[in-house]
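I opened the model to look up a few things and kept notes as I went. The entries follow in the order I made them.

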Amino acid sequence: MDALVNVEAVSRRFPLDHSYVSALDHASFRVEAGDFLAIAGPSGSGKSTLLNLIGCIDKPTGGRILVEEVDTSRLKPASMTALRREKIGFVFQTFNLIPVFTAAENVEFPLLVQGVSARERRTRVSEALESVGLSSRAHHRPDLLSGGERQRIAVARAIVHRPALVLADEPTANLDTHNATQLIDLMRGLNQRLGLTFIFSTHDARLLEHTPRIIRLCDGQVISDSSTEGASHGQVLAARV
Amino acid sequence: MGKFLLLAFRNLFRNRRRTLMTLMMVGGGVTGLLLVGGFFAFMFWGLRETTINDGLGHLQIFTTEHFNREEKHVLDTGIDNWRQVAATVSTGGHVRGVAPRIEFYGMLSNGVKSSVFMGSAVDPVAENTLGFSPRLAAGRDLDTKPGGEVEALIGAGVARSMSVKPGDGLTLLAVTSDGALNGIDVQIVGVVNTGFKEMDDRYLRITLASAQRLLESDRVTNLVVGLDATENTDKVAADLGPRLRGLPQNLTLKKWIDLAAYYKQVRSLFSMIFIFLGIIVFFMVLMSSVNTLLMTMFERTREIGTMLAMGTPRSWIIALFVLEATLLGVMGAMVGVAGGNLLGVLLNHSGLHLPPPPGTTSPMRFQVLHVPSLMIGSSILVVVSLALASILPAIRASRLQIAEALAHV
C-alpha cells in the first residue's frame with residue numbers, strides 16, 4: 001500500500017555566516033494513513049524542521065518528501081499552497097489563533113480559504129467544535145479562552161477541512177500537564193474515530209505514553225522508530241526508563 | 001468576502017490608539033483641505049458675483065462680425081436693431097433686464113490739455129435695473145432722466161491728469177460712423193475708481209443717447225443681459241441661442257465666464273495653490289501611513305505566517321492589507337468631512353474678517369462654503385493615498401517566509 005507520507009533521506013541545512021548548520025540529516029521513514037505518530041527529541045534535534053518540511057512550509061536541501069505520492073520538493077509555490085490548503089491541517093505551539101475572530105470564525109477560516117459555501121461552512125464548523133467539545137465557546141474570542149481551550153480550537157481549525165494529515169508542532173508546550181494530556185487524548189480520539197493521520201512533535205516524555213508510534217530524533221538524525229523496531233508501547237516506555 | 005471584510009475591519013481596532021492617531025492625521029488632512037477649499041470657493045463665488053454685478057452681466061450679445069473682423073468705422077460691427085433684440089431677450093425666463101452698451105474711443109480736452117479715453121456709453125435706467133453701478137470716488141452717477149447737460153463720469157486717473165473734478169467741463173472728440181470728426185461738451189458729474197490704474201487713466205462713461213449723438217449712429221456695441229441667478233446662465237444661454245438665430249442680424253451670445261479674464265486668472269492661480277496643498281496632504285498621509293502600516297505588518301508577522309501555512313494565497317494577504325488601509329482611509333475621510341464641516345460652521349459664525357484685498361478698502365469676511373464635490377474629492381485623495389501606502393507593507397507581508405514568520409517573536 002502507498003504511504004501517505006514518504007520521507008526519503010531528507011536533509012535540511014541552513015546557512016550560518018560562511019558555513020552552514022545541519023538541522024536534519026538523511027532522515028527516512030514512512031507514515032501510513034491513520035497513523036498517530038510522535039516525533040520526539042530534545043530541543044534543537046530537528047523536530048520542527050522535519051514538520052515544516054512535511055507540511056510544505058519549507059523545502060529540503062537533500063532527499064525528497066512524497067505526500068500521497070506527490071514529490072513536494074518539485075512543486076511550484078502555488079501548488080505547495082494548494083497542497084497545504086487541501087491536504088494538511090496545522091496545530092501550533094502558540095495556538096496562533098486570529099485574535100479578532102471568534103472561536104467559530106477561527107475554525108471557519110480554512111474553509112473560507114477553500115471557498116466552501118456559507119451553509120457548508122456553518123455545518124462543518126459546528127461539527128468541528130462539537131468534536132473538540134467546545135460548541136458552547138463558539139462565539140468567544142481567543143483572549144476569553146483558557147490555554148487548553150485555545151489549543152482545542154486550533155485542533156478544530158486543523159481538522160475542519162478534513163485534511164489527509166494533521167501536523168502539530170509542540171502542541172502541548174504551552175499547556176499544563178492536565179491540559180496537555182487532555183489534548184493528546186483528544187487528538188488520539190479523533191485519530192481513532194475519524195481515521196485522521198496525526199504527526200506531532202514533543203519533547204515531553206509523559207505524552208508519549210499515549211502514542212502508539214514514536215520516531216526519535218537527535219542532532220537531526222532519526223535514531224529510532226518504534227514501528228520498525230516492532231517495539232510495543234510497553235517496551236518503548238521501558239527503554240526510555 | 002464578508003468575513004474577509006470583517007477581518008479587515010476588526011483588525012483596525014487591534015491597536016486603538018494607533019488607529020485613532022491615524023484617523024486624526026487623515027481626518028486633519030481632509031479638514032484642512034475642506035477649510036482652505038471652502039474658503040477659496042467662497043472667494044471664487046464673491047469674485048464671480050462682483051465681476052458680474054460690476055457690469056459684466058451674465059450674458060452679452062454681440063454681432064458675429066464683431067469677433068470676425070476689425071471695425072473700419074466705429075460701430076460698423078454693432079447691433080443695429082438692438083431694441084428688437086433686447087425685447088426678444090427680455091421675454092425669456094430668468095432674465096432681469098437687458099442693458100445696451102457702446103464701447104468707443106476718442107480724445108478729451110480741458111482746453112489746455114488733451115488725452116485719449118476709452119469710453120463706455122450706457123443706459124442709466126437699464127443699468128440701475130440690473131444693479132450695475134460704478135464705484136464712485138467722488139460726485140454721483142449719471143442722471144437717469146434724459147435731457148439737460150451731457151453728463152460724464154471719468155476715471156480717477158483722468159481727473160488727476162486733466163485737473164478736473166465734478167462740476168467741471170470737458171470736450172470729447174470722436175470719429176463718427178461715417179468717418180468724420182465730431183465733438184460734444186460734457187459736464188463731469190462723478191469720478192470713478194475701478195481698482196485698476198490703467199483703467200482709471202482712460203475711463204470715461206456717458207449716456208447711450210449722448211454717445212449715439214457723438215458717433216452719429218443708432219447702433220450699439222453689445223447688449224448686456226442680467227439674470228436672476230448666475231446658476232441659470234447655461235440654461236438661459238441654451239434657450240436664447242435658437243431665438244437669436246431667428247433675428248435678421250447674425251448674433252453671438254457670450255457667457256460671463258468667456259469674458260471674465262481676470263476672474264479666470266485668479267481662479268486658475270488659487271486652484272493651483274489648492275492642488276499644491278492637496279499634493280502636500282497626499283504625501284503627508286502616504287509617508288506617515290507607510291510607517292504605521294509597516295509596524296502593523298511586523299506585529300502580525302506570526303499571524304500572517306499562520307494564514308500562509310493554512311494555504312491562504314499570498315494575493316489574499318496583499319488584499320487584506322490594502323483593504324484595511326482603504327477602510328482606514330474611508331473612516332479618516334468621514335472624520336475629516338465631519339470635522340471640516342463643523343469647523344466651517346463655527347468659523348462662519350465667528351465673524352472673522354481678513355485684511356482688505358489689494359484694491360479695496362473693506363476687510364474681507366472669512367467664510368467657508370460647504371462644497372460637496374470638495375468633500376468627495378478630498379475623501380478620494382486620502383483613501384487613494386492610504387491604499388497606496390499599504391502596498392509596500394502588503395507586498396512585504398505576502399512575501400514572508402512561512403517558517404521564519406511562524407518563529408517570529
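I began at the end of helix 12 of chain B. B:Gly311 follows this helix, and its phi is positive, near 95°. Helices (H or I, at least four residues) and strands (E, at least two) are DSSP runs, numbered from the N terminus. The model is predicted: local features need pLDDT of at least 70, side-chain atom pairs count only at pLDDT 80 or more, and totals for chains, interfaces and linings use all residues. Residues are numbered from 1 along each chain as its sequence is written, while chains are lettered from A and ligands numbered from 1 in the order in which they are written.

Next I asked which residues of helix 12 of chain B are buried. I found B:Ile304, B:Gly305, B:Thr306, B:Met307, B:Leu308 and B:Ala309. Buried means 20 or more other C-beta atoms within 10 Å of the residue's own; exposed means 12 or fewer, and partly exposed lies in between, with C-beta atoms placed from the backbone. What covers these residues? The cover includes helix 2 (77-87) and strand 6 of chain A, along with helix 13 (314-348), helix 15 (391-398) and helix 16 of chain B.

That took me to the interface. I read 16 residues of chain B in contact with 18 residues of chain A. Contact here means C-beta atoms, placed from the backbone, within 7 Å. Helix 1 (2-11), helix 12 (301-309) and helix 16 (402-406) of chain B each supply at least two residues of the side that touches chain A. By class, that side of chain B has seven nonpolar, four polar and five charged residues. Ala, Val, Leu, Ile, Met, Phe, Trp, Tyr, Cys and Pro count as nonpolar, Asp, Glu, Lys and Arg as charged, and the others, Gly among them, as polar.

Then I turned to the sheet in chain A. Six strands form an open sheet in the order 6-7-8-3-9-10, with mixed pairing. Strands pair if DSSP finds at least two bridges between them. Strand 6 (88-91) and strand 10 (221-225) of chain A are the edges, each pairing on one side only.

I followed strand 3 of chain A. Strand 3 (residues 36-40) runs parallel to strand 8 (residues 197-202) of chain A, and five bridges join them. A:Ile39 has A:Ser201 as its bridge partner in strand 8. Four bridges join strand 3 to strand 9 (residues 213-218) of chain A, also a parallel pair. A:Ala40 stands opposite A:Arg216 in strand 9. Five of the five residues of strand 3 are buried. A:Phe36, A:Ala38 and A:Ala40 point one way, and A:Leu37 and A:Ile39 the other way. In a regular strand the side chains alternate between the two faces of the sheet.

Last, I checked positive phi values in chain B. Most residues other than glycine have a negative phi. B:His94 is not a glycine, yet its phi is about 70°. B:His94 sits in the loop between helix 4 (82-90) and strand 2 (95-109) of chain B. B:His94 counts as partly exposed because it has 16 C-beta neighbours inside 10 Å. B:Glu216 has a positive phi near 50°. I placed B:Glu216 in the loop between helix 8 (208-215) and strand 9 (222-227) of chain B.

Definitions and conventions. Contact = placed C-beta atoms within 7 Å.
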